Amino acid sequence: MVEEIGTTEQGDLVINVGPQHPATHGVLHLVITLNGETVKKVEPHLGYIHRSIEKMCESLSYRQFIYATSRMDYLSSHINNHGCALAVEKALQIEVPERAQVIRVLMDELTRIASHVLWWGAMAMDIGAFTPFFHAFREREMINDIMEETCGARLTMNYMVPGGVMFDLHPNFHRRVKEFIRQFHKKLPEYDELVTGNAIFKARTRGVGVLSKEDAISYGCSGPTARASGVDCDIRKLYPYEVYGKLQFEQPLATEGDTYARYLVRMHEMRQSLSIVEQLIDNIPEGEFQAKTKAVLKPPKGEFYSRVETARGEFGVYIVSEGGTTPYRIKYRSPGFSNLSALDHAVRGQKIGDLVAIMGSFDLVIPDIDR
Amino acid sequence: MFLKEYISDIAGAVGSLLKGMRRTGWYFLHREEAITQQYPDNRDNMGLPERFRGEVVMPHNEQNEHRCTGCTACELACPNGTIKVVTKFEVNAEGKRKKAVDRFIYHLELCTMCNLCIEACPTDAIKMAQNFEHSVYDRSRLTKILNRPESRLQEGVE
């Protein structure tokens, strides 16, 4: 990489952003080629937070490896665990009780709201507004408290086990979620007032970092990043898992593909997640929260794939089983990696000041990219 | 035309700024909305939920008895090798040799609080404590022996 440092063409400047840079929200290293203030090329360098999670999981049993996926996309750790549990259940053909399914979906949606709320605060902070960050943490804290009470941890819950969930819901769960719904309905207009309708924010984000529908598909983008470009890619709609097929919710789509569209899609998604929580919270069926499983899980020989929609896009788990107690091979398809690959395309030709805004709207979580 | 747009842009920006400042002013006047917690001054009444996972402990009763039979189910369930159970053979009153726990070694520095050991334990010998302030000056102090010295297995636990 030595020859890339310094000027490449007459008048070009190559600078490093990261790996320790506040705007990258993690140890992401971007090598940016600039022509004046215009970005010519962005080259992400990975490897600073590689922990070899895939290889690590191959030495763990089918019960044990689920916890490790919480450390990838730590903001939607519950949904990652969900994907793993689904793959193991598919392999062993375990029937998950209805109550466990509803609890899982409820927790998924709460996690999604928490993740998007944090993104909202961080995105506004990237643009230069500091106050929304604190507002976001206030609402996120309520969800974290709910998680802490029922799952036992705030971020890396490990609440999923093959066949259901680890504990039953806490007696306070219903009351606290109701309280959160009431509070969040009150605070969402405040979010819009502070950021969505802000003239400065609009000027910084509209028409910036446009990603066309074709590009979003060819780069393999998923989640809100792709939906803002008009790609119909919500796994919850396309391949419904658990109880998603029975629920009423919309898949927010936009056609502009710019930073503001990505912002709006995520804001809309929060409202949709809230409506899913509202639909489910009063209709949690009675029954078992965990199916009876054997003490040692031994899936048959074969390949199993499951996919879930995390807060950032499609998360896939691919398991190759040789019939033993540990998987032969595990591959994770994480949304962050593919979304990052589209960053270069979206940023080219933009100003360096907009790079942070575009990166913020992609909602990158670095341990998810580099696992 | 350009001038008109320019001025309306500035007016819009100032309007947005004032809108934001109105929110700030509202919070300034409504101090009851503040949610700041004065940690560590509020340590005594923080009230962590009972399921919160802080560290693995082994409860003992008044007679210095625990419920651990030394079956090593927790050791097998742990994904990180956090737990090491060293067993010994004890001769009971009838002269039979019986497996018992000698040292229950717990590496807090390796623990990810995943709760799998507690789920695996057949006799409920270990549980999660709500203590989360684990910082020490020496790393070796994080390796703990959970069964107390001279402790025995509780009567009736198989």
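**View 1. The two domains of chain B in this predicted model.** The C-alpha centres of domain 1 and domain 2 of chain B are 58 Å apart. Domain 1 of chain B covers residues 2–33, while domain 2 of chain B covers residues 52–153. As you look from one to the other, please keep in mind that the model is predicted.

**View 2. Where chain B touches chain A.** Each chain has a share in this contact: 20 residues come from chain A and 20 residues from chain B. On the chain B side, helix 1 (2–29) and helix 3 (116–120) each provide at least two residues. Helix 1 of chain B gives the most, with eight residues. If you sort the chain B side by residue type, you will find eight nonpolar, seven polar and five charged residues.

**View 3. Helix 2 and helix 3 of chain A, crossing.** In this close-up, the axes of helix 2 and helix 3 (residues 98–127) of chain A come within 8 Å and cross at roughly 140°. Helix 2 of chain A is therefore oblique to helix 3 of chain A. From helix 2 of chain A, the contact is made by His78(A), Ile79(A) and His82(A); from helix 3 of chain A, by Arg104(A), Met107(A), Asp108(A) and Thr111(A). Two of the residues in this contact are nonpolar, three are polar and two are charged.

**View 4. Val88(A) and the residues it touches.** Stay with helix 2 of chain A, which spans residues 77–92, and you will come to Val88(A). Is Val88(A) buried or exposed? Val88(A) is buried, because 26 other C-beta atoms lie within 10 Å, and 20 or more are enough to count as buried. Leaving aside residues up to four places away in sequence, Val88(A) touches Tyr62(A), Pro162(A) and Leu297(A). Take Pro162(A) as one of these: Val88(A) and Pro162(A) are 74 residues apart along the chain, yet their C-alpha atoms are separated by 6.4 Å.

**View 5. Strand 8 of chain A and the strand paired with it.** Strand 8 of chain A takes in residues 329–333. In a regular strand, the side chains alternate between the two faces of the sheet. Here, Ile330(A) and Tyr332(A) make up the covered face of strand 8 of chain A, and Arg329(A), Lys331(A) and Arg333(A) the uncovered one. Strand 7 (residues 314–321) of chain A runs antiparallel to strand 8 of chain A, and five bridges join the two.

Methods:
Residues numbered from 1 in each chain as written. Chains lettered and ligands numbered in written order. Predicted model: local features only at pLDDT ≥ 70, side-chain atom pairs only at ≥ 80, totals over all residues. Buried ≥ 20, exposed ≤ 12 C-beta atoms within 10 Å, placed from the backbone. Helix = DSSP H or I, 4+ residues; strand = E, 2+ residues; numbered from the N terminus. Pairing = 2+ DSSP bridges. Contact = placed C-beta atoms within 7 Å. Axes fitted to C-alpha atoms, helices over the stretch in contact; angles between N-to-C directions. Parallel < 35°, antiparallel > 145°, perpendicular 65-115°, else oblique. Nonpolar A, V, L, I, M, F, W, Y, C, P; charged D, E, K, R; others polar. Domains from an automatic or database assignment.
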